[in-house]
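Subject: Structure handover

Hi,

Here is the structure I promised to pass on. Please open it and keep it in view while you read my notes.

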Amino acid sequence: MDETLRGIFHDVLGVREADFRDGLSPDDVPNWDSVQHITLMLSIEQAFGVSIEPEEAARLRSIGAVRELLAQRAPAG
């Protein structure tokens, strides 16, 4: 999961691997604005085959929050 997330955050926001951490948020990434956030959510949905509701997307404001959501949605087994 982390390798895919690293790639998405790099491709959409330009996040370097060295900066990839749970606490990374829009406060740390200047171009992580509302438009880029939508692009990020769409990329995550596509890559992981999940659906993210707008209310959920609004709360996903860090890499850690995205990881938690994906862990909850991971298929069992």
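Which residues form one aromatic cluster? They are Phe9, Phe20 and Trp32. Keep in mind that this is a predicted model.

First, some background. A pair of aromatic rings is described by two things: how far apart the centres are, and the angle between the planes. This structure holds two aromatic pairs.

Start with phenylalanine 9 and phenylalanine 20. Where do the two residues sit in the chain? Phenylalanine 9 is in helix H1, residues 2–13. Phenylalanine 20 is in the loop between H1 and helix H2, residues 34–48. The two are 11 residues apart in sequence, so the pair ties those parts together.

Are they buried or exposed? Phenylalanine 9 is buried, at 0% relative accessible area. Phenylalanine 20 is buried too, at 10%.

Now the pair of phenylalanine 9 and tryptophan 32. The centres lie 5.7 Å apart with the planes at 70°, so this pair is edge-to-face. It links distant parts of the chain: phenylalanine 9 in helix H1 and tryptophan 32 in the loop between H1 and H2, 23 residues apart. Tryptophan 32 counts as buried, at 4% relative accessibility.

Best wishes

How values were computed: Residues are numbered from 1 along each chain as its sequence is written. This is a predicted model: local features need pLDDT of at least 70, side-chain atom pairs count only at pLDDT 80 or more; totals for chains, interfaces and linings use all residues. Side-chain values use heavy atoms; hydrogens and water are left out. Rings of Phe, Tyr and Trp (its six-membered ring) pair if their centres lie within 6.5 Å; planes under 30 degrees apart count as stacked, over 60 as edge-to-face and the rest as tilted. Helices (H or I, at least four residues) and strands (E, at least two) are DSSP runs, numbered from the N terminus. Buried means under 20% relative accessible area, exposed over 50%, partly exposed in between (1.4 Å probe, protein chains only).
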